[in-house]
Amino acid sequence: MIKFRKLELCWSYIGKIGYSSQQVSIGVGCTSLGTVTHEIGHALGFYHEQARYDRDSYVSILTQNIQSTYLSQFTKQSFSSMVDYGVGYDYGSVMHYDQTAFTSNGGNTIATIDPNYQATIGQRVAPSFADVKRINLAYCNSTCSNTLDCQNGGYINPNDCNNCKCPPGFGGQLCNIAGGGDASCGTADLTATNTIQTVSASGAVNCQYVITAPVGAKVYFQMTAATFSRSVPCTNYLEIKYDSDFTRVGARFCTSYPTISLSETNRLVLIYQGVSGARFSLNYRYDPQDFTTSTSSTSTTTTTTTAAPVTSAPTTSTARPTTTTARTTTTTRRTTVTSTTQAPTTTTSSVCGSWGGCSAQCGGCGTQTRKCGTYFETVYCNTNPCVGGYCCRPFFYVTQNGNGYCKRPQADDSEIRNEDRFEKAIHPNNDAPSVIWENIKDHPKSRINGSNKGFAINN
Ligand SMILES: [Zn+2]
């Protein structure tokens with residue numbers, strides 16, 4: 001039995017301990033769906049995703065940036081110590097640390113091997129499809145006596161044995177049709193031809209598209225425009241599943257453009273998670289462009305699918321200039337992409353103009369914008385504290401060695417107390433975009449002697 005308690009911070013034991021009940025602490029600041037389910041995940045037996053036995057194929061742990069006392073939080077588990085039920089590594093798992101967890105110097109502590117996933121890790125919005133799939137396979141796999149031929153990573157739904165549970169992007173009884181999304185998103189099932197077509201969406205909608213190329217070909221894609229709140233991990237984004245495994249969360253883009261332009265298979269899944277003012281536009285065709293089959297289309301029709309129109313200011317921002325990651329001017333490919341006849345290019349994403357003026361004088365209360373190719377980048381600016389020691393969200397006023405400054409909290413900022421986060425940070429002139437805070441405390445508890453599972457981890 002799990003007893004939820006409002007104790008200090010957020011923490012849980014990993015797996016079942018003892019024979020009676022065990023506690024999960026949901027302390028102050030720990031009540032978001034993502035954080036609560038993260039703690040429940042621990043209680044149900046999950047380690048952190050980046051502790052998986054196979055994590056070295058997916059992330060690099062940057063130990064030089066980790067506080068030495070927390071190095072143990074990045075210990076890799078052995079293959080024999082965990083069962084993953086065939087569900088692979090998921091960058092979008094609610095159990096994954098964010099890129100600066102336990103940083104000692106503000107630098108990243110986790111780098112994704114495929115850099116396109118860097119802004120995907122660390123989300124605390126809700127459990128991912130793979131998280132839920134793992135739990136259902138572990139605890140409810142014998143609920144249904146029938147079988148279903150679920151496609152694209154779907155699995156039989158233990159709450160509805162006549163239907164599959166489908167990963168985002170797919171739907172239908174067997175997860176073999178495009179999933180759709182909101183009604184305004186237009187056609188969800190898109191067919192790549194040998195000529196460029198465009199798919200786009202905007203506004204506060206959720207849209208899901210499946211682009212299908214002829215069997216044997218791949219989908220070539222190029223994001224040509226994007227406006228999102230810049231944050232890591234992304235909270236609104238275009239997610240692109242170019243991998244062959246549709247179970248896991250795709251690469252989420254809100255701060256940079258993809259450095260890849262080919263799908264691994266003949267299908268590409270797009271998931272647009274929008275807010276007011278957000279938008280994306282993406283060009284696609286099949287690849288190689290001279291690919292021929294007896295049934296492939298040679299249509300030259302251009303289809304543009306447009307969702308709800310932009311309804312407010314085009315750009316919001318949750319990042320600062322110091323966190324901007326330079327985009328590469330070359331297109332890199334995953335080593336698993338083996339056959340192409342045409343080099344993809346990224347021509348519009350690397351040229352940026354100069355920054356405009358900052359809209360506020362202090363506290364990180366303002367933003368500034370520059371134009372990069374066909375889109376605009378907006379970041380926070382002038383992060384010196386305002387008179388009286390005020391900062392605007394997402395910055396918080398902290399003092400160190402007698403000097404006050406505005407700091408953007410990371411996962412485990414011990415110098416920022418909870419009350420600072422929730423009280424002092426509210427500035428009367430706060431008009432900056434807010435971010436969702438999850439994972440606000442992430443401190444370890446000590447190992448409990450005599451049990452290989454008696455191991456509590458705060459958040
Ligand atoms: Zn945790």
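Which residues form one aromatic cluster? In this predicted model, the cluster consists of Y58, Y89, Y91, Y117, F221 and Y242. The legends below present further close-up views.

**View 1. Strand β11 and its antiparallel partner β17.** Strand β11 covers residues 197-202, and six of its six residues are buried, so the strand is largely enclosed by the rest of the structure. In a regular strand, side chains alternate between the two faces of the sheet. Both faces of β11 are covered: Q197, V199 and A201 are buried on one side, and T198, S200 and S202 are buried on the other. Strand β17, residues 279-287, is joined to β11 by six bridges. Within β17, L282 is the bridge partner of V199.

View 2. A polar contact of 2.7 Å joins the side chain of S93 to the side chain of D131. Leaving aside residues up to four places away in sequence, S93 touches E49, Q123, R124, S128, D131 and R134.

**View 3. The aromatic pair of Y53 and F79.** The count of aromatic pairs comes to 17. In the pair of Y53 and F79, the ring centres lie 4.9 Å apart and the planes stand at 90°, so the arrangement is edge-to-face. The two residues are 26 residues apart and link distant parts of the chain: Y53 belongs to the loop between α1 (33-43) and β4, and F79 to the loop between β4 and β5. Y53 is partly exposed, with a relative accessible area of 25%, whereas F79, at 60% relative accessibility, counts as exposed.

**View 4. The aromatic pair of F74 and Y97.** Here the ring centres of F74 and Y97 are 5.5 Å apart with planes at 75°, so this pair is edge-to-face. F74 and Y97 are each found in the loop between β4 and β5, 23 residues apart, and the pair links distant parts of the chain. F74 counts as buried at 4% relative accessibility, and Y97 is buried with a relative accessible area of 0%.

**View 5. Arginine residues over aromatic rings, shown for R134 and R285.** The charged end of R134 sits over the ring of F46, at 5.6 Å from the ring centre. R134 is also among the residues touched by S93. R285 lies over the face of Y220, and its distance from the ring centre is 4.3 Å.

Technical notes:
Residues are numbered from 1 along each chain as its sequence is written. This is a predicted model: local features need pLDDT of at least 70, side-chain atom pairs count only at pLDDT 80 or more; totals for chains, interfaces and linings use all residues. Side-chain values use heavy atoms; hydrogens and water are left out. Buried means under 20% relative accessible area, exposed over 50%, partly exposed in between (1.4 Å probe, protein chains only). Helices (H or I, at least four residues) and strands (E, at least two) are DSSP runs, numbered from the N terminus. Two strands pair if DSSP finds at least two bridges between them. A polar contact is a pair of N or O atoms within 3.5 Å; within protein, one must be able to donate a hydrogen and the other to accept it, and residues adjacent in sequence count only if both atoms are side-chain atoms. Contact means heavy atoms within 4.5 Å. Rings of Phe, Tyr and Trp (its six-membered ring) pair if their centres lie within 6.5 Å; planes under 30 degrees apart count as stacked, over 60 as edge-to-face and the rest as tilted. A charge sits over a ring if NZ of Lys or CZ of Arg is within 6 Å of the ring centre and within 35 degrees of the ring normal.
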